[in-house]
Amino acid sequence: MQASNDILPATGPAIILVEPQLGENIGMVARAMANFGLSELRLVNPRDGWPSEKARAAASRADHVIDAARVFDDLASAVADLNFVFATTARARDSFKPVRGPVEAGRALRARQRSGQRTGILFGRERFGLYNDEVGLADEIVTFPVDPAFSSLNIAQAALLMSYEWMKSGLEDETKTNFSSPEMMPATKEQLHGLFAYLEGALEARGYFRPAPKKPKMVDNLRAVLTRAGFAEPELKVLRGIISSLDRFSPAMPRGDGSPGDDPRRLPAAAARAVKAKDKD
């Protein structure tokens, strides 16, 4: 199948798969591209032909990438209209081409795209990657910092990594995420000390501080644990509610089973004995 003569706008690097073997892998590459804003997929002599329903199914609704994919008979034709091309590889090559990591490569692609250049990234076959003469058609090499003892990446994984670096390079803040946790006002010291006092009182009533001479140190440790996290006011309310529930209710007398004050086990010993004596009369 010959390539289309249509020229797509330079919205990002073209992802070029050289002799991909499985439609499923092509589809997963398309999905990775769509995740990070890339849409131009070029296929060089796919083994099982094109189009591929297996690729479409694996693309998980990245149909715009699958529908726009172009097929070429050879790699030279696939890169002919590009100004700059990276070749991905996991092994050292006998060449004088510059080698970059994915972060640097993503930034370099972004800079060239902003200057109006058309760029591309080559990915080799699933089994053994790119031949040396195919790497020779690229301008530079990009490789990933993987474990040398297990350096082979699936083409969809490699495409995902480069697509991610491409998108990240265009962010004003590379650490920014699409959503964040809600902003909460830190609790005041008065609120925090109130929680300490409440918790200490509840623990004292249950005889937690034993032996008594160790109580000051136990209190210090308790406060150290609770101040380390830097609680916000809503978080203190949650903790106080938990402590309150534990303080007032038990499995033997759960919430909704009458007033906790009616449980003799929660009354002072003298009052408890009076209630028991009354029950005997």
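Student: At roughly what angle do the axes of helix H8 and helix H9 cross?

Tutor: In this predicted model, the axes of helix H8 (residues 189-205) and helix H9 (residues 215-228) cross at roughly 135° and come within 11 Å.

Student: How is such an angle to be classed: which term describes H8 relative to H9?

Tutor: In general, angles over 145 degrees count as roughly antiparallel, and those from 65 to 115 as roughly perpendicular. The angle here is roughly 135°, which makes H8 oblique to H9.

Student: Is the crossing of H8 and H9 left-handed or right-handed?

Tutor: The crossing in which H8 passes H9 is right-handed.

Student: Which residues of H8 and H9 meet?

Tutor: H8 contributes Leu-192, Phe-196, Leu-199, Glu-200, Leu-203 and Glu-204, and these meet Lys-215, Val-219, Leu-222, Arg-223, Leu-226 and Thr-227 of H9. Divided by class, the contact of H8 with H9 comprises 7 nonpolar, 1 polar and 4 charged residues.

Student: How do the axes of H5 and H7 cross?

Tutor: The axes of helix H5 (residues 102-114) and helix H7 (residues 155-169) come within 8 Å, with a crossing angle of roughly 55°. H5 is therefore oblique to H7. Their crossing is right-handed.

Student: Which residues make the contact of H5 and H7?

Tutor: On H5 they are Pro-102, Val-103, Ala-105, Gly-106, Arg-107, Leu-109, Arg-110, Gln-113 and Arg-114; on H7 they are Met-162, Glu-165, Trp-166, Met-167, Lys-168 and Ser-169.

Student: How many residues of each class does the contact of H5 with H7 have?

Tutor: There are 7 nonpolar, 3 polar and 5 charged residues in the contact of H5 with H7.

Notes:
Residues numbered from 1 in each chain as written. Predicted model: local features only at pLDDT ≥ 70, side-chain atom pairs only at ≥ 80, totals over all residues. Heavy atoms only, no water. Axes fitted to C-alpha atoms, helices over the stretch in contact; angles between N-to-C directions. Helix = DSSP H or I, 4+ residues; strand = E, 2+ residues; numbered from the N terminus. Parallel < 35°, antiparallel > 145°, perpendicular 65-115°, else oblique. Left-handed = near helix turned anticlockwise from the far one by under 90°. Contact = heavy atoms within 4.5 Å. Nonpolar A, V, L, I, M, F, W, Y, C, P; charged D, E, K, R; others polar.
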